[in-house]
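I opened this notebook to record what I looked up in one model, entry by entry. The order below is the order in which I asked.

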Amino acid sequence: MSDKEFGAGNEDLSLPKATVQKIIGEILPQLPPDLLLGDDVAFTKSARDLLIQCSMEFLRMLSSEANDISEKESKKTIAVEHVEQALKDLGFPDYIEGIKGVVGEWKQVQTKRTNRTEKMKTFGGLNVSDEELAQMQAALFGEAKGRMEGGEPSSAA
């Protein structure tokens, strides 16, 4: 994948500055004292912006390499294995364990979401379709609107 395909010249691609600043604020206090220059360490805006630029370049390189690997395997989707191989190929094998932990956490979240979705489909022990749920919601909104207007509940369904 070329830089043109990825849109390397696109200035709209960035990381949220507030989020990066929050991460910096969480990471700095965790560093060993011998790495810090004192107790009152500040991270300037220009240093934060440079960190964002470096991070974006790292993500461009990693995603490009992972895409090349997936294309060699005739895959249209970049999988975790492709990212792991890209990290090895780019000289960052130490990052793989951390990524595996993040992927594990993500899978747990996805499992919980799936379970919640299944619970909603069996709303109140009933197996209810999306259309029936929408009708029930409309009826409840109609009742609430009627109460707000001080009159009889209107039938929205």
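Entry 1: I began with Glu-57, which is partly exposed because its relative accessible area is 40%; the scale I use calls a residue buried under 20% relative accessible area, exposed over 50%, and partly exposed in between, with a 1.4 Å probe and protein chains only. The side chain of Glu-57 meets that of Arg-60 in a salt bridge at 3.6 Å, N to O, where a salt bridge is a side-chain nitrogen of Lys or Arg within 4 Å of a carboxyl oxygen of Asp or Glu. Arg-60, with a relative accessible area of 14%, is buried. Glu-57 and Arg-60 are three residues apart in helix α3, so about one helical turn separates them. An α-helix has 3.6 residues a turn, so residues three or four places apart point the same way.

**Entry 2: provenance.** This is a predicted model, in which local features need pLDDT of at least 70 and side-chain atom pairs count only at pLDDT 80 or more, while totals for chains, interfaces and linings use all residues. Residues are numbered from 1 along each chain as its sequence is written, and side-chain values use heavy atoms, with hydrogens and water left out.

**Entry 3: the other salt bridge.** How many salt bridges does a search of the whole structure find? The search returns two. Besides the pair in my opening entry, I noted Arg-48 with Asp-49, whose closest N and O atoms are 3.3 Å apart. Arg-48 counts as buried because its relative accessibility is 11%, whereas Asp-49, at 27%, counts as partly exposed.

**Entry 4: the whole chain.** I then stepped back to the secondary structure and found six helices and zero strands, helices being DSSP runs of H or I with at least four residues and strands runs of E with at least two, numbered from the N terminus. Of the 157 residues in the chain, 15% are buried. I also looked up the accessible surface, which comes to about 12,500 Å², with 56% of it belonging to carbon and sulfur atoms; these areas come from the Shrake-Rupley method with a 1.4 Å probe, and for residues only the protein chains shown count as cover. Among contacts (heavy atoms within 4.5 Å) between residues at least 6 apart in sequence, 40% join residues at least 24 apart.

**Entry 5: helix lengths.** Helix α3 covers residues 45-72, and its 28 residues reach 41 Å from first C-alpha to last, close to the 40 Å expected at 1.5 Å a residue; the expected span is 1.5 Å times one less than the number of residues. For α6, residues 130-148, the 19 residues should span 27 Å, and the end C-alpha atoms are 27 Å apart, which agrees. After α6 comes Gly-150, with a positive phi near 80 degrees.

Entry 6: Ser-74 sits in the loop between α3 and α4 and has a positive phi of about 60 degrees although it is not a glycine. Ser-74 is exposed because its relative accessible area is 66%. Thr-77 lies in the loop between α3 and α4 as well, and touches Ser-70 and His-82, not counting residues up to four places away in sequence.

**Entry 7: nonpolar cores.** Which residues make up the largest nonpolar core? I listed six: Leu-62, Ala-66, Ile-69, Ala-86, Leu-87 and Ile-96; such a core is a set of buried Ala, Val, Leu, Ile, Met, Phe, Trp, Tyr and Cys residues joined through side-chain atoms within 4.5 Å. Helices α3 and α4 each supply at least two residues of this core, and α3 gives the most, with three. A second, separate core of five residues includes Val-20, Leu-28, Ile-52 and Met-56.

Entry 8: Glu-84 lies in helix α4, residues 80-89. Glu-84 is buried yet has no salt bridge, and Lys-100, the nearest side chain of opposite charge, is 4.6 Å away; Lys and Arg count as positive and Asp and Glu as negative, while His and the chain ends are not counted. Not counting residues up to four places away in sequence, Glu-84 touches Ile-96 and Lys-100.
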